[in-house]
Amino acid sequence: VKSIPDREFVPVSFYSIEDVHTMHGALIQMSHHWGSMRLYTRNDKTGQWDYTSFKDFPKPTPIEPVSVCYPVLENDNAGKAAILANSMVRVYYHMPVRMDGSRARRCRSYGVVVDAERGLVVVSRRTVPINLGDMYISIAESAIIPAKVRFLHPTHNFAIVQYDPGHIGETDIRAITMCLKPLKQGDSTRLISYNRYGNPVCINTVVSDSIPIIIPPSTFPCWRSINAEVITLESPLTLDHPSGVLANDDGEVQALWLSYLSCDAEGKDREHLAGLPVKTILPALHRLQQGQEPQLRSLNIEVGPINVAQARKSGLSDRWMQELQQSGRNRGSLFWVKSVETRSNAMGVLNDLDIIITINGKLMTRLEDLDVQYTHDELTMVVLRNKKEMELKVKTTECGQGTDRLVFWAGATLQAPHKAALQQSRKVPSGVYTTARSAGSPAYMYGLMPTMWITHVNGQSTPDLDSFIAAVQACADNTYVRIKTMTFDMVPMVLSIKT
């Protein structure tokens, strides 16, 4: 094992103790950059295990360009869309630690090439929920090359990742051609995807609806798609394919078919499949194509639909009713504020249950009307609050790049409160948030749980990670440390944790 270079893929053969007669094979990746390799030997005199660390492993092997051929989509119903099979790659993502409330450690699904010259690929955020990990893409199930995360959208279900086009040789990989015409109920479309055996498939179907997707908050706050309108399809066969593209007769892609992550009441992961209009990715994609990092802004609010009848009972005037009818865009609903993210600029300006009438002078009757927030420092909004119309100036907040620091202590993974935690919490007792813990660790044994906030260490206040580090560095090994915490439901608790 010491002779295997870091990041190298190696075949391993093994058998299970339940069936010693059957051999199995797997392809694993050597990973020396996330953790050291150690040899442990039991010491019968001390009763402990002594260890030796191994270092100086061979460096990663240079990547040689490889040319591969895509399989042919043998379905006459695909028409011009058959070539879209050459625009899909499988994305593998391994996350060495849990952070931002994510639970999965290894994810995979197909992504769509949107810029072949730059190697830009769009993939679901169910596959790439955080920005820390090892990513590889498989091209035509024939070549594996590394990739990296370039952008994670804060509210919509997509991430943009990038590979080096120089690694694929003469492979005929093609970027999709987009069609910005929205799909409507009753429109014919075709899903281009891959089956479990790595073969391209085409499913002709019809759009059943275009609706807001509602994913309820999780018991353990984690990223979820909000403020998004998605496309549903009639054919039940599409539910067997968690990723792909929806294309028209000319082979132009109108929507991305993606997997949306949600959790049930017991905290178990559930999957929803829906289409995301391609125009949703353009603001971030155009920035990357110009060589810039996407710098989107956001109101940091979650909205939900409310029908016009309810809005009228809440005080919507006849003047706005007439404007809704004359606009020709009335779908029988407006939108109300479900929550305002803690610590955002909108907090204290917008309130829960506010009904949004206009944004920058335009009626908000579709979720896409909220996208104006991405490019404005301030928005003028007319809202209905307590049966009174109010005009508000609301500043947006820069989305940022997400979590950039983790602290490991006593088996717990600590970080500053992430976006999902701020969305679901009315108060932030501390800047030290427990996002995960390791089984069998002191944190696990003595009751420090995910979603707890750490406010004090041995009586010393810990408002941020720096103060927490300074406090625990003064704690001797093999001693009890008094930790004052606050649960996510704002119940104070004191724990004694033996280091």
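1. Arg 482 has Ser 496, in strand 31, as its bridge partner. The model under discussion is a predicted one. The pair belongs to the contact between strand 30 and strand 31 (residues 492-498), two antiparallel strands joined by 7 bridges. These two strands form a hairpin with 5 residues between them. Within the turn, Met 490 has a positive phi of about 65°.

2. Strand 30 (residues 480-486) also pairs with strand 28 (residues 453-457), again in the antiparallel sense, over 4 bridges. In this pairing, Ile 454 has Thr 485 of strand 30 as its bridge partner.

3. Which residues of helix 1 are buried? In this helix (residues 282-289) they are Leu 282, Ala 284, Leu 285 and Leu 288. Viewed down the helix axis, the buried residues of helix 1 fall within an arc of 160°, so they line one face of the helix. Their packing partners are strand 6 (106-115), strand 7 (120-123), strand 9 and strand 10 (159-163). Just after helix 1, Gly 291 adopts a positive phi of about 80°.

4. Helix 3 (residues 318-327) has Trp 320, Met 321 and Leu 324 buried. Because they cover an arc of only 105° around the axis, these residues sit on the same side of helix 3. The buried residues of helix 3 pack against helix 2 (308-313) and against several strands: strand 19 (333-340), strand 20 (355-359), strand 21 (362-363), strand 22 (378-385) and strand 23 (388-395).

5. The largest pocket has a volume of about 830 Å³. Its lining comprises 37 residues, and the closest to the pocket centre are Cys 399, Gln 401, Gly 402, Thr 403 and Lys 419. Two or more lining residues come from each of strand 9 (143-152), strand 24 (397-398) and helix 4 (419-424). By class, the lining of this pocket has 14 nonpolar, 13 polar and 10 charged residues.

6. How many cavities of 30 Å³ or more does the whole structure contain? The search finds 3. In the largest cavity there is about 80 Å³ of space. This cavity is lined by 16 residues, with Ile 213, Ile 214, Asn 227, Glu 302 and Val 303 nearest its centre. Strand 18 (301-307) and strand 19 each supply at least two of the lining residues, and strand 18 gives the most, with 4. The lining of the largest cavity divides into 10 nonpolar, 3 polar and 3 charged residues.

7. The second largest cavity holds about 60 Å³ of space. Among the residues that line it are Thr 155, Ile 226, Ser 298, Asn 300, Ser 339, Glu 341 and Gln 423. By class, this lining has 3 nonpolar, 6 polar and 3 charged residues. Strand 18, strand 19 and helix 4 each give at least two residues to the lining.

Note on methods:
Residues are numbered from 1 along each chain as its sequence is written. This is a predicted model: local features need pLDDT of at least 70, side-chain atom pairs count only at pLDDT 80 or more; totals for chains, interfaces and linings use all residues. Side-chain values use heavy atoms; hydrogens and water are left out. On a 1 Å grid over the protein atoms alone, a cavity is a set of points where a 1.4 Å probe fits but cannot get out, and a pocket is an open set with protein on both sides within 12 Å along at least five of seven lines; lining residues have an atom within 4 Å of a point. Grid points are joined across faces, edges and corners, and a volume is the space filled by probe spheres set on the points. Ala, Val, Leu, Ile, Met, Phe, Trp, Tyr, Cys and Pro count as nonpolar, Asp, Glu, Lys and Arg as charged, and the others, Gly among them, as polar. Buried means under 20% relative accessible area, exposed over 50%, partly exposed in between (1.4 Å probe, protein chains only). The arc is that of the directions from the helix axis to the C-beta atoms. Contact means heavy atoms within 4.5 Å. Two strands pair if DSSP finds at least two bridges between them.
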